[in-house]
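Thanks, everyone. Let me put the sequence and the structure up, and then we'll walk through them together.

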Amino acid sequence: MNIVYLDNNATTRVDPAVLETMLPYLDEWYGNPSSMHSFGGEVGRKIAAAREQTAQLLGADPEEIIFTGCGTESDSTAIWSALRSEPDKKHIVTSRVEHPAVKNLFEYLGKNGYRVTFVPVDGQGRLDLDFLSDSLGDDTALVSLMWANNETGVIFPFPEIVERVKEKGILLHSDAIQAAGKIPLNMSRDRVDMLSISGHKIHAPKGIGALYVRKGTRFSPFLIGGHQEGGRRGGTENTASIIGFGKACELAAARLESKDQDIAGFRDRLEQGLIAGVPRILINGDTENRLPNTSSISFEYIEGESILLMLDKHGICASSGSACTSGSLEPSHVLRAMGIPYTAAHGSIRFSLSHLSTREEIDFVLEKVPPVIKRLRSMSPFWAEHVSTCQSA
Amino acid sequence: MWDYTDKVKEHFLEPRNVGVVEEADGLGEVGSLACGDALKLSFKLDADKRIKEAKFQTFGCASAIASSSALTEMVKGLTLEEAEKITNEDIADFLGGLPKEKMHCSVMGRDALERAIQSYRGEAPRDVDGLIVCECFGVTDKQIEREVREHQLQSMEEVTAYVKAGGGCGNCLDQVQEIMDRVRQEEGWAPPARKPRLTNIQKIKLIQETLQREVSPMLQKDGGNIELVDVEGDQVLVRLKGACSSCMKSESTLRDFVRNKLRELVAPELEVREV
């Protein structure tokens, strides 16, 4: 069976060019970049090149890049470092729609001596900027806000966020793990202090991430150990993955430049096709400010896990914000924060595309989804009720 | 991805008996859109008062649909007396088992069957006289008590897996715990494994640490603080300082917050008193 992979916000396929770049460093070039001999030194030079490639994607300086083990490590590093550099301040600010990598750490901190403000969003997932401004005070150590949402793709307005947070001199971190490589980021323009990115969301392997730390930002390491990464992250480098990550950043930057591929066009084709073919569906999130690859769609009166498993029969991979998929009993915190009604939240599906997505795949999905929805609705007592209400009205 | 058995997948992908029986003798509806799953079960009896036909409509995940489908197959040909003996475990067993977190799907099946039989007999549904404990999922004390008793549930996780109670905001956790404790005493079950008993010195030290680490920072935020005065048996005597001492809410602050922290982290039988 062919796999139609529309779950690229979960993870992506390693680009063949990335894999090719990496293989020698898993094979004959196994040296340690810290070694004195030129055999290891050669690996060190490749890592320096990867740091340059990564910096370029972000419009940053190479020495502002620290390689980490994953996006979550980047987030944790940034947040703990900020708290250590402001030991007397006990207030921290984030949004209600963050990824668990930030959300759960903030909740933990909230139980351990910190006062936490979770800034709300509106029905389209847009940040309440005035609430953000009002929450900032002399005691605020850190603001951490995601660049773009992993479930809905909604992009937060960073120029304005930077202005409001930096005018008060407060440290600003952003989890840009979904945004990097999908929309242009430029650290010389968007003056956040720290920014997290992850390799496997941009066609590099899993297990590699990076943290951007603006020059002059006080920093304290998360992993204390050797002198690697300029003493900012101990531990022998994941050489092949760093080199692959660098290549993936270079390719992503080139794709952002070229605009050959109209990912947003495919995404819109998918949404328009579904709207035309399926009654009672909703597109979740601010469609004006959204990642080009992400679509969160709610199918009313049916449940997300059932939809996913039926799509799985056709080889279609997507994900859901429904309760049943997560093992919890409540639908995703993102959709609840947006106030999406339960009728829709339980039946939400996220399709996330990449440059590898094809028109044929979109058309295949458009062919397979409507019968699945129809079939599940034919089993749903609420759909039956809805239909009879409509008929009698 | 959930580890569903082949039988669950089969009943999900090719469900039996979808729909509503025409001129049904019994009709049972449970669940709601807000809860994330719901089941409408209807049946018709033959001349011998055996279930001739049963159909379902389900809103929910794969295991909810599979449990409903399985149920309609299981009840066919049974008398109502036989059908009402079907337990949620029977439904799960019929499907070759369900993931632990999905047991509530089989409970929903059994509940709908009960309601349907009650509707045929003209009886009031059994659960409505209970009081809502879990507001997120509309679960009553009677429902919780029943599952706790039938399945010897001794942890919050198990209760949530069976009836969903406590799976949302968490406001009802204390009440659910009380129900579990009461049933355990009534049934004479051995208490669940506890932390080893503390010596008095260990207990006082742990209380002191917990107050300093978990409680003080929270009270300090509001300009108050707490001081440990003495420990007499299970009575923890404390003094509130600063803004807390004059606060109208201090009593409830103490009772809910401090007591819960100490019970969670030190010993479940502790009481807190202000001096």
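Let's start with one residue, Lys40(B). Set aside its neighbours within four places in sequence. Lys40(B) is then in contact with Pro381(A) across in chain A, and within chain B with Val20(B), Leu27(B), Gly28(B), Glu29(B), Lys55(B), Phe56(B) and Gln57(B). Keep in mind that this is a predicted model.

Where does Lys40(B) sit? It is in strand β2 of chain B, residues 37–45. Now pick out Met108(B). Lys40(B) and Met108(B) are 68 residues apart in sequence, and their C-alpha atoms are 10.0 Å apart in space.

How many residues are in contact? On chain A there are 30, and they meet 36 residues of chain B. The area buried between the two chains is about 2600 Å². Carbon and sulfur atoms give 68% of that area.

Next, the polar side. Between chain A and chain B we count 7 residue pairs in polar contact, both partners at pLDDT 80 or more. The salt bridge count is 1. Glu305(A) forms a salt bridge with Lys102(B), with the closest N and O atoms 2.8 Å apart.

Which helices supply chain A's side? At least two residues each come from α9 (304–312), α10 (323–326), α12 (342–345), α13 (359–379) and α14 (381–392). The largest share, 5 residues, comes from α9(A). By class, the side of chain A that touches chain B has 12 nonpolar, 10 polar and 8 charged residues.

That's the tour. Over to you.

Definitions and conventions. Residues are numbered from 1 along each chain as its sequence is written. Chains are lettered from A and ligands numbered from 1 in the order in which they are written. This is a predicted model: local features need pLDDT of at least 70, side-chain atom pairs count only at pLDDT 80 or more; totals for chains, interfaces and linings use all residues. Side-chain values use heavy atoms; hydrogens and water are left out. Contact means heavy atoms within 4.5 Å. Buried area is the accessible area (1.4 Å probe) that two parts lose on being put together, summed over both. A salt bridge is a side-chain nitrogen of Lys or Arg within 4 Å of a carboxyl oxygen of Asp or Glu. A polar contact is a pair of N or O atoms within 3.5 Å; within protein, one must be able to donate a hydrogen and the other to accept it, and residues adjacent in sequence count only if both atoms are side-chain atoms. Helices (H or I, at least four residues) and strands (E, at least two) are DSSP runs, numbered from the N terminus. Ala, Val, Leu, Ile, Met, Phe, Trp, Tyr, Cys and Pro count as nonpolar, Asp, Glu, Lys and Arg as charged, and the others, Gly among them, as polar.
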